[in-house]
Amino acid sequence: MFMLRNVTKYLFGDTSKEAIVEIPQGQLYLVRPLSPKGYSELIFKDAAATIRRTGQEYQYQLVIQRAYEEGEEELLAEEDGEDGAAEA
């Protein structure tokens, strides 16, 4: 019985898990074959990708999360604060 349960989880997936597939690190490129700007453009130098289940059957989410380097997130927040103060 235990073996049968493991085989069905392998074939049909474990429905209790939210993430189906996860790529923990890599680079994200935007590919435009016919663009005059160029064939590919680097969007995120370091990112993680996940395919997650939603509340509805047969519907999934592709989630791309950028991985910030140490201190980079604070610098971006400071730049956003300066931009908002300059516009006001």
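## Close-ups of a predicted model

View 1. Ile 20, Val 21, Ile 23, Ile 51, Tyr 58, Tyr 60, Leu 62 and Ile 64 make a nonpolar surface patch of about 790 Å². Patch residues have over 30% relative accessible area and no salt bridge, and nonpolar side chains (Val, Leu, Ile, Met, Phe, Trp, Tyr) are joined within 5 Å. A salt bridge would be a side-chain nitrogen of Lys or Arg within 4 Å of a carboxyl oxygen of Asp or Glu. Areas come from the Shrake-Rupley method with a 1.4 Å probe. β1 and β3 are the elements that give two or more residues to the patch.

This is a predicted model, where local features need pLDDT of at least 70 and side-chain atom pairs count only at pLDDT 80 or more, while totals for chains, interfaces and linings use all residues. Residues are numbered from 1 along each chain as its sequence is written, and side-chain values use heavy atoms, leaving out hydrogens and water.

**View 2. Zooming in on Leu 62.** You'll find Leu 62 in strand β3. Leu 62 counts as exposed (over 50% relative accessible area) because its relative accessibility is 63%.

**View 3. The open sheet.** Three strands (E runs of at least two residues in DSSP) line up in the order β1-β2-β3, with antiparallel pairing. Pairing takes at least two DSSP bridges between strands. At the edges sit β1 (19-31) and β3 (60-66), each pairing on one side only.

**View 4. Where β2 meets β3.** Seven bridges join β2 (residues 40-53) to β3. Look for Arg 52, whose bridge partner in β3 is Gln 61.

Definitions and conventions:
Helix = DSSP H or I, 4+ residues; strand = E, 2+ residues; numbered from the N terminus. Patch = residues over 30% accessible without salt bridge, like charges linked within 9 Å, V, L, I, M, F, W, Y side chains within 5 Å. Buried < 20%, exposed > 50% of the residue type's maximum accessible area, 1.4 Å probe, protein only.
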